[in-house]
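Work through the exercises below with the sequence and the coordinates at hand. Each task is followed by a stepwise solution.

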Amino acid sequence: MSSRSLYSSRHPMLKKRDDFEDILEERRSSSDLRYALRCYTPTLYKGLVPCKASMLKTIVLQSDHLQHVIKQVSSESGESSECVTEEASHILDEMAHRLQLSTIRFFVFTLSKAFKRLFRSVCVNEEGIQRLQQAVQEHPVVLLPSHRSYMDFLMMSYILYMYDLPLPVIASGMDFMSMKFIGEMLRMSGAFFIRRSFGGDKLYWAVFSEYVKTMLRNGYAPIEFFLEGTRSRTCKSLTPKTGLLNIVMEPFFRGEVFDVNLVPVSISYERILEESLYARELLGVPKPKESTSGLLKARRVLSEDYGSMHVYFGHPVSVRSLAEGKVNRCQHNLLPRHIPQKPSTENLEFLTDAAFRLVRTQEENMVLKPWVLIATLLLQNPDGLDLSTLAKQTDWLRHLALALGAFLDWPDHESCARVISCSLALHRNLLSVSDEHVQLNVADSTQVETTPEEAVFQRAVVVLSCASYRNEILHVFVRPALVAVALQRSAENSHRKDDVYNCFNFLRNMFSSEFILCPGDSVQDFEEACYLLAKRGALQVSEHEIVMSASGQSTLTFLCSVLEPFVQGYQVVCRYLCENVLEKLLEKDFIPAVRNFALKLILAGRLKCYEVLSSDLQKNALAALLRLKAVRKVKVGDQTTLKVNKIAVNSLEDMLGGKIPTQKPILARL
Amino acid sequence: MASSSNSSAQNRLRIIAGHLESRAGVAAQECKAEVPGSSPSRLTPVPKRRQEIMKWNGWGYSDSRFLFNKKGQAEFTGKRYRLSGLILPSLKDWFEGTFGASLQHKSPAAPTLSSSAVPPPNMNEPFMEDLKAAGIAVSRDTEDRVFRAHGHCLHEIFALREGRIGRVPDAVVWPSCHSDVEKIVELACKRDVCLIPYGGGTSVSSALECPREETRSIVSLDTSQMNRILWVDEKNLTAHVEAGIIGQDLERQLNERGYCTGHEPDSMEFSSLGGWVATRASGMKKNIYGNIEDLVVHIKMVTPRGVIEKSCLGPRMSTGPDVHHFILGSEGTLGVVTEVTMKIRPIPEYQKYGSVVFPNFQQGVACLREVARQRCAPASIRLMDNDQFQFGHALKPQVSSMFTSFVDGLKKFYITKFKGFDPHHLCVATLLFEGDRGKVLQHEKQVYDIAAKFGGLAAGEDNGQRGYMLTFVIAYLRDLGMDYYVMGESFETSVPWDRVLDLCRNVKERIVRECKERGVQFPPLSTCRVTQTYDAGACVYFYFAFNYRGLSDPVHVYEQVEHAAREEILANGGSLSHHHGVGKLRKEWMKESVSGVGLGMLKSVKEYVDPQNIFGNRNLL
């Protein structure tokens with residue numbers, strides 16, 4: 001509880017957030033070239049052990065840890081240890097960054113040009129920068145930005161250069177490596193490359209973890225990586241991965257450093273460069289392989305307006321205070337520290353908890369633009385809205401969002417109508433406006449020669465693009481929305497708080513892959529959501545009862561409809577599994593099959609919700625069913641098949657739809 | 001400074017001996033038990049009324065103390081030590097600069113003990129009468145009782161200086177031989193009296209504090225009058241000694257016969273043989289002579305169950321778990337150690353100090369590790385960090401000649417400018433070699449050669465000797481600090497080699513951070529040295545001190561910081577204690593240190609040996 005207050009205040013309303021500065025403003029009035037060549041003297045870590053990138057390799061290869069693993073691997077495989085060392089050296093060459101200031105200067109020059117064309121402004125909270133400057137000197141720093149776009153890490157390095165902060169080394173996926181030139185450029189600007197999967201490869205893991213730890217321990221540079229592991233295609237935060245987090249925390253657990261500062265960074269875009277690319281990917285149009293020529297084609301993007309961008313550097317989180325009372329560092333006393341040890345259950349729990357909280361902090365510090373509210377409303381009204389209605393509803397929603405703690409960047413001194421028309425202009429590719437009536441851009445289906453399927457997909461691209469903006473604000477609504485749905489489901493039967501909570505808890509479990517819901521925080525989330533809704537006047541909460549108040553109707557209805565696409569989506573997945581799967585289903589066939597099923601429903605007019613087509617939703621639904629043990633994975637040879645417990649899936653579907661109450665006995669039967 | 005067998009410690013002992021000669025009037029009570037071949041010592045070095053020569057509310061002898069004279073210069077009074085009577089010109093600047101203290105802000109101690117502050121004794125009269133009948137010396141005097149109610153933890157001394165007195169023993173008893181102790185213990189069992197053994201009184205683990213919850217009469221059993229060397233066996237090189245003897249007397253008397261024990265803990269001026277056994281003490285020269293557990297051949301202890309001892313003087317036995325190890329480190333919870341047979345060695349022919357400057361602490365530790373790996377550690381080898389090096393420098397006495405200061409200047413120039421050592425990172429190892437002349441010189445060369453591989457430069461004998469002096473005067477310096485709103489303490493641990501650096505850095509940083517968080521205005525002094533090397537690890541000693549001006553409850557702050565520092569030590573793989581012991585101060589960590597079963601074993605021994613909890617100081621368990 002104590003550490004929680006470090007970076008998540010209990011009542012979001014009370015949160016004080018920093019002001020922003022536009023860093024492009026100065027760039028527009030002075031020479032980019034001179035700027036790129038200016039004297040760069042970063043503040044350094046006080047315990048810095050100076051060493052060159054080339055020396056890092058030697059240090060890593062000679063480390064006790066790696067030597068130990070090399071011996072182990074060599075004795076297990078029978079290869080000579082020279083061979084294994086050679087292999088380790090190759091891995092390291094493939095992985096290592098070659099950070100060079102000259103490359104950074106090149107990037108600074110070109111990016112200054114590019115950013116000025118792409119963005120109206122890039123806003124950074126300078127207080128956050130000052131905190132970071134302080135933190136960088138005291139302890140090794142780990143930067144944890146959110147990941148919505150390829151832009152993210154270029155932007156991070158750009159900003160750090162700008163503020164004379166040490167340039168980070170960035171853990172990146174191997175996919176960039178196939179772009180020969182760009183890959184090398186990124187390498188020289190501090191990226192190091194990790195294979196996407198190396199599950200059982202002891203040697204790879206040892207080289208990788210030792211490489212990261214060495215840089216951390218020596219204070220070589222801030223380590224930057226993405227907790228979410230990959231870019232979120234939906235703009236919802238992804239369930240965090242703990243592997244790298246464990247690596248950067250271990251030096252603290254083992255006493256090798258006094259502390260490590262984790263700095264969550266929230267990067268938000270008014271308009272995302274990869275917008276429609278993501279939507280297509282979610283719909284199963286395969287992602288084009290990263291290639292240099294592909295990137296060049298993407299030059300087209302340079303001519304468009306992407307609005308403004310916000311980067312919020314959160315408060316540094318000390319691993320030491322985070323772990324206090326939760327991790328017993330003495331556990332490492334009885335084993336030489338260079339021998340790799342799997343994290344204990346206690347540590348794993350701590351890691352998961354910490355990772356979730358860090359992502360929550362990213363979410364909370366994410367700046368939301370007015371468009372996010374508009375997108376939410378447009379999705380809920382597929383037939384469109386009159387501009388005046390839209391203005392009214394947006395204003396209403398704005399107040400609701402603020403009451404629930406949203407970090408909304410709403411321009412001061414401007415009328416609501418003006419704000420809306422600006423937003424609409426920026427996102428005109430997703431909209432059609434005629435006669436004061438706004439609608440998602442869906443009317444094109446009348447165009448020539450499109451099959452009904454193609455029409456559905458075209459429409460779905462628009463819907464999913466738009467949904468990704470709505471998703472940005474979901475973290476604000478999701479907890480109260482779960483309460484609202486739970487209340488709606490149990491309304492017919494009971495107002496008892498226990499029943500509402502049970503239903504809330506069921507839904508929360510169901511959607512825990514979909515949204516960032518900290519494991520074990522169920523009660524707290526419930527209480528907090530009830531508190532916020534009661535404060536808003538939507539609920540009356542007494543000791544044993546929860547009753548909707550007369551004025552709360554609109555709020556609760558709105559919140560329910562926020563979750564509606566997900567509820568429907570999960571139901572469709574359940575229905576597919578119950579109705580269409582005979583014996584078993586190959587795992588790799590799952591997504592295309594569900595997509596087809598949903599497509600047919602849409603074409604038949606039985607389903608209006610296009611979001612069901614999103615592979616992200618389908619994957620998350622499957623993850624939920626696996627977690628609730630309604631579906632099992634069975635490995636046969638190389639293939640993984642899914643075994644469906646139809647009774648269980650069926651009853652989950654019913655519970656989702658509120659057809660049967662979510663009571664414990666039923667859950668227990670699953 | 002190379003001189004045959006003339007260590008500064010021995011110099012000091014001679015002076016102390018001279019001083020005490022005149023006090024021989026306080027006669028030891030003749031012991032009734034006749035010991036064949038014993039030669040009772042000529043004098044009683046520690047008087048029963050210790051307060052007559054020692055401070056009642058601070059460290060050491062009353063005549064020796066640091067003060068800032070009228071000119072604002074620091075000086076050390078008295079005649080006992082090498083530093084005595086000397087001016088220390090740089091101490092003031094160091095003191096003010098390090099702590100942000102000022103000579104304008106004094107925090108003087110209460111000058112005398114007010115008897116009204118002392119609770120009246122809770123006498124067990126039948127016990128007292130029994131003692132009288134047995135002819136054993138007893139006192140109910142307030143000063144005697146207060147003197148034995150504390151060790152030298154900061155909170156204990158701080159309370160005394162403020163005139164606050166907690167629970168004190170209700171009486172003091174002075175046995176003069178083993179059989180007196182047997183009688184006292186027997187009577188205590190009969191009359192249900194709590195006994196707390198008291199040796200030199202130098203405990204820094206709250207071991208001597210009277211438990212507040214104790215309702216019985218508490219009697220302090222002062223062993224100081226059991227101070228004879230009963231025999232010396234030159235064929236086997238052993239000596240049989242009464243356990244109340246204090247270190248300096250034991251060493252001096254053996255020296256007169258051409259021998260030494262070589263056991264020289266920093267507290268040896270005051271601490272007693274029995275105390276060493278009861279706390280598992282460690283001496284500075286353990287590399288040659290071993291720690292106390294290596295030095296004892298035979299121990300006799302009186303417990304409520306009777307006397308425990310082994311039946312022969314064999315050098316090693318396989319007779320089940322070594323019963324000596326129930327006694328070593330028992331911290332007065334099981335009984336009173338009365339007599340010990342110890343190994344002795346001929347006084348070494350030649351002794352030489354030395355020092356090595358390293359560019360930084362890491363290099364220094366690497367060198368010590370290499371020395372330990374090659375098992376060529378000199379009698380003593382210690383590595384001070386940069387802060388402690390500067391601390392040591394602040395204790396340089398006024399230089400007498402232009403030439404000396406010129407040479408000092410040259411040395412400094414050579415090291416910092418020519419060799420490029422950063423004065424804020426360099427650190428110093430101090431060395432003490434002992435043995436026959438040829439071997440010492442050879443040994444010296446070996447060690448300096450190793451040091452050179454780690455960038456070490458020989459830095460002279462003087463630096464070495466001053467390093468050792470620091471450990472003897474540090475406790476006096478603490479009293480000076482407390483006159484000016486500065487409080488401090490030392491603590492120690494032992495840790496595997498590979499964790500030494502990490503532990504030192506983390507603990508020092510933890511102290512700084514905790515002080516800051518608790519409102520200490522000026523950054524504290526937080527410094528360490530590696531004081532002992534072993535095959536598998538090292539002993540690390542920390543000093544921390546801070547300016548407590550402006551804090552409403554400084555002792556509480558200090559205790560929280562010390563507690564945090566100990567947690568940090570344990571989290572970094574350090575031990576609960578290397579030689580200070582557990583006492584009551586570190587009791588809370590005993591279970592996690594030795595496991596529940598381990599603690600249970602110790603408890604069951606206590607249960608068997610002392611079911612009535614006569615030895616009720618409540619240490620350790």
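The exercises concern a predicted model.

**Exercise 1.** Classify the aromatic pair formed by A:Phe192 and A:Tyr211, and locate both residues.

Solution. 
- Step 1. Over all chains, the structure holds 45 aromatic pairs. In the pair of A:Phe192 and A:Tyr211, the ring centres are 5.4 Å apart and the planes make an angle of 80°.
- Step 2. Centres within 6.5 Å make a pair, and planes over 60 degrees apart count as edge-to-face. The pair of A:Phe192 and A:Tyr211 is therefore edge-to-face.
- Step 3. A:Phe192 belongs to strand β5 (residues 191-194) of chain A and A:Tyr211 to helix α11 (residues 202-217) of chain A; the two residues are 19 residues apart.
- Step 4. Both A:Phe192 and A:Tyr211 are buried.

**Exercise 2.** Compare the span of helix α18 of chain B with the expected span, then describe its burial.

Solution. 
- Step 1. Helix α18 of chain B covers residues 554-571 and has 18 residues.
- Step 2. From first C-alpha to last, α18(B) reaches 26 Å, close to the 26 Å expected at 1.5 Å a residue.
- Step 3. Of the 18 residues of α18(B), 13 are buried, so the helix is mostly covered.
- Step 4. Just after α18(B), B:Gly573 has a positive phi of about 85°.

Notes:
Residues are numbered from 1 along each chain as its sequence is written. Chains are lettered from A and ligands numbered from 1 in the order in which they are written. This is a predicted model: local features need pLDDT of at least 70, side-chain atom pairs count only at pLDDT 80 or more; totals for chains, interfaces and linings use all residues. Side-chain values use heavy atoms; hydrogens and water are left out. Rings of Phe, Tyr and Trp (its six-membered ring) pair if their centres lie within 6.5 Å; planes under 30 degrees apart count as stacked, over 60 as edge-to-face and the rest as tilted. Helices (H or I, at least four residues) and strands (E, at least two) are DSSP runs, numbered from the N terminus. Buried means under 20% relative accessible area, exposed over 50%, partly exposed in between (1.4 Å probe, protein chains only). The expected span of a helix is 1.5 Å times one less than its number of residues.
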